[in-house]
Amino acid sequence: TGLKASISKKDLTITAKNKTKCIGTIASFSGTDFLAPELASGDAITSVSLVSSGSAATAVAGVYDIIASNAVGTGLANYTISYVSGKLTVEELPVPTISGSAPVTQVPAQVVYTTEAGMTNYVWSITSGGTINAGAGSRQVTVSWSSMTNQSITVTYNNSNGCSGTYTRAITLSSLPTAVLSGSATVCQGS
């Protein structure tokens with residue numbers, strides 16, 4: 001006579017994936033940056049709304065929540081959905097330095113310049129008064145300066161988080177002073 005069945009909704013937890021970005025960049029979320037268990041046959045999650053206060057280019061270094069909500073898909077009415085926040089880590093930019101002789105007193109001159117080790121994608125550039133002879137793509141370059149005008153050398157690299165930093169160093173090229181002798185042109189032995 002009148003049997004009634006009660007079907008309860010299955011619990012579903014959707015977790016926003018963690019993400020990293022560099023200061024000065026914008027973090028964008030595709031709507032598929034989430035983790036969820038496999039659903040029953042025919043049910044699917046097509047997208048989830050994801051937002052973070054750290055996503056703007058102006059965000060300072062730190063860790064921000066990625067808030068997940070509003071799952072969209074097929075058969076989701078069969079589930080009691082809960083959301084777990086992910087973490088957006090905003091990384092500092094690296095601060096390169098360049099060591100090597102800054103005042104160059106004669107040309108042509110070969111000078112070795114070095115920056116921090118352990119980085120990737122080293123890119124060196126110099127102004128038109130010189131040539132990079134060796135080391136392009138590494139942490140150390142050898143430069144031949146050929147012009148006595150002031151120059152500059154620039155390095156850009158990525159740190160382990162993929163963040164990029166750039167530094168330009170001014171290079172002063174100046175002539176050696178000219179020696180001027182004065183006095184008697186005659187030199188006597190013993191004087």
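Visitor: Is Tyr113 buried or exposed, and how do I tell?

Guide: Look at the relative accessible area; a residue counts as buried when the value is under 20%. In this predicted model, Tyr113 has a relative accessible area of 0%, so Tyr113 is buried. Trp145 also counts as buried, at 0% relative accessibility.

Visitor: How do I describe a pair of aromatic rings?

Guide: Such a pair is described by two things, the distance of the ring centres and the angle of the planes. The structure holds two aromatic pairs. In one of them, Tyr113 and Trp145 are 6.4 Å apart centre to centre, with 80° between the planes, and the arrangement is edge-to-face. Tyr113 belongs to strand E9 (residues 109-114) and Trp145 to strand E12 (residues 140-145); the pair links distant parts of the chain, 32 residues apart.

Visitor: What are the distance and the angle for the rings of Tyr122 and Tyr157?

Guide: The ring centres of Tyr122 and Tyr157 lie 5.6 Å apart and the planes stand at 65°, so this pair is edge-to-face. Tyr122 is in strand E10 (residues 120-126) and Tyr157 in strand E13 (residues 151-158), so the pair ties together parts 35 residues apart in sequence. Tyr122 counts as buried at 11% relative accessibility, and Tyr157 counts as buried at 1%.

Visitor: What should I know about nonpolar side chains in general?

Guide: In soluble globular proteins, they tend to be buried together. Here the largest nonpolar core has 17 residues, and Leu12, Ile45 and Val48 have the most contacts inside it. Strands E1, E4, E5 (62-74) and E7 (86-91) each supply at least two residues of this core. Another core, of 15 residues, lies apart from it; Val104, Ala109, Val111 and Tyr122 are among its members.

Visitor: Where is Ile45, and which residues is Ile45 in contact with?

Guide: Ile45 sits in strand E4 (residues 44-51). Ile45 counts as buried, because its relative accessibility is 18% and the cut-off is under 20%. Leaving aside neighbours within four places in sequence, the contacts of Ile45 include Leu12, Ile14, Phe34, Leu39 and Leu76. For Val48, with neighbours within four places again left out, the contacts include Ile14, Phe34, Ala68 and Tyr83.

Visitor: How far is Ile45 from Val143?

Guide: Their C-alpha atoms are separated by 56 Å, and the two residues are 98 apart along the chain.

Visitor: How do I read the order of strands in a sheet?

Guide: Read across the sheet from strand to strand. Strand E1 (residues 10-16) and E6 run parallel and are joined by six bridges. Thr15 stands opposite Val84 in E6.

Visitor: How many helices and strands does the chain have?

Guide: The chain has zero helices and 14 strands.

Visitor: What does the radius of gyration say about the chain?

Guide: Compare the value with that of a compact globule. For 191 residues such a globule would have a radius of gyration near 16 Å, whereas this chain has 32 Å. The box filled by the C-alpha atoms is roughly 140 × 30 × 25 Å along the principal axes. Of the 191 residues, 31% count as buried. The chain exposes about 11600 Å², and carbon and sulfur atoms supply 54% of that area.

Key:
Residues numbered from 1 in each chain as written. Predicted model: local features only at pLDDT ≥ 70, side-chain atom pairs only at ≥ 80, totals over all residues. Heavy atoms only, no water. Pairing = 2+ DSSP bridges. Helix = DSSP H or I, 4+ residues; strand = E, 2+ residues; numbered from the N terminus. Buried < 20%, exposed > 50% of the residue type's maximum accessible area, 1.4 Å probe, protein only. Contact = heavy atoms within 4.5 Å. Phe/Tyr/Trp six-rings, centres within 6.5 Å; stacked < 30°, edge-to-face > 60°. Core = buried A, V, L, I, M, F, W, Y, C linked by side-chain atoms within 4.5 Å. Rg over C-alpha atoms; globule rule 2.2 N^0.38 Å. Areas by Shrake-Rupley, 256 points an atom, 1.4 Å probe, with all protein chains shown as cover.
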